[in-house]
Amino acid sequence: MKSCKTCGKDFEGSAREYCSWQCEENHLHSLKKKMNDAIKHDKGHTQKLSRE
């Protein structure tokens with residue numbers, strides 16, 4: 001049995017990393033939010049590149 005990357009629930013299957021599409025979407029949304037927050041608050045080169 002595998003554990004879901006998002007909620008930790010055990011599920012069967014070998015090709016997937018998430019127990020449901022909702023968990024996968026939540027994980028992707030969380031990653032996008034973290035990335036946008038990092039770019040937004042970065043005073044370095046990343047901020048300049050994101051404007052171009």
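Analyst: Buried means under 20% relative accessible area, exposed means over 50%, and partly exposed lies in between (1.4 Å probe, protein chains only). This is a predicted model, in which local features need pLDDT of at least 70, side-chain atom pairs count only at pLDDT 80 or more, and totals for chains, interfaces and linings use all residues. Residues are numbered from 1 along each chain as its sequence is written, and side-chain values use heavy atoms, with hydrogens and water left out.

User: Why is Asp-37 called partly exposed?

Analyst: Its relative accessible area is 30%.

User: What makes Asp-37 and Lys-33 a salt bridge?

Analyst: A salt bridge needs a side-chain nitrogen of Lys or Arg within 4 Å of a carboxyl oxygen of Asp or Glu. In Asp-37 and Lys-33, the closest N and O atoms are 3.2 Å apart, so the pair qualifies. Both residues sit in helix 1, four residues apart, which means about one helical turn separates them. Lys-33 is partly exposed, at 49% relative accessibility.

User: How many salt bridges does the structure hold?

Analyst: Two. Lys-5 and Glu-17 also pair through their side chains, with 3.0 Å from N to O. Lys-5 lies in the loop between strand 1 (2-3) and strand 2 (10-11), and Glu-17 in the loop between strand 2 and helix 1 (21-40), so the pair ties together parts 12 residues apart in sequence.

User: Why is Lys-5 classed as exposed, but Glu-17 as partly exposed?

Analyst: Lys-5 has a relative accessible area of 51%, so Lys-5 passes the exposed limit. Glu-17 has 38%, so Glu-17 stays in the partly exposed range.

User: How do you know how many disulfides there are?

Analyst: A disulfide is a pair of cysteine sulfur atoms within 2.5 Å. A search of the whole structure finds zero. Take Cys-7: the nearest cysteine sulfur is that of Cys-19, 3.6 Å away. Cys-19 is in no disulfide either; its nearest cysteine sulfur is that of Cys-7.

User: Are Cys-7 and Cys-19 buried, partly exposed or exposed?

Analyst: Cys-7 is partly exposed, at 45% relative accessibility. Cys-19 is buried, at 19%.

User: Which residues make up the largest nonpolar core?

Analyst: Cys-4, Phe-11, Tyr-18, Cys-19 and Cys-23, five residues in all. A nonpolar core is a set of buried Ala, Val, Leu, Ile, Met, Phe, Trp, Tyr and Cys residues joined through side-chain atoms within 4.5 Å. Beyond four places in sequence, Phe-11 has contacts (heavy atoms within 4.5 Å) that include Met-1, Cys-4, Arg-16 and Tyr-18.

User: What secondary structure does the protein chain have?

Analyst: Two helices and two strands, in the order β-β-α-α along the sequence. Helices (H or I, at least four residues) and strands (E, at least two) are DSSP runs, numbered from the N terminus. Glu-25 lies in helix 1 and is partly exposed, with a relative accessible area of 44%. Glu-25 and Thr-6 are 19 residues apart in sequence, with their C-alpha atoms 9.6 Å apart in space.

User: What share of the protein chain is made up of buried residues?

Analyst: Buried residues make up 12% of the 52 residues. Among contacts with a separation of 6 or more, residues 24 or more positions apart account for 0%.
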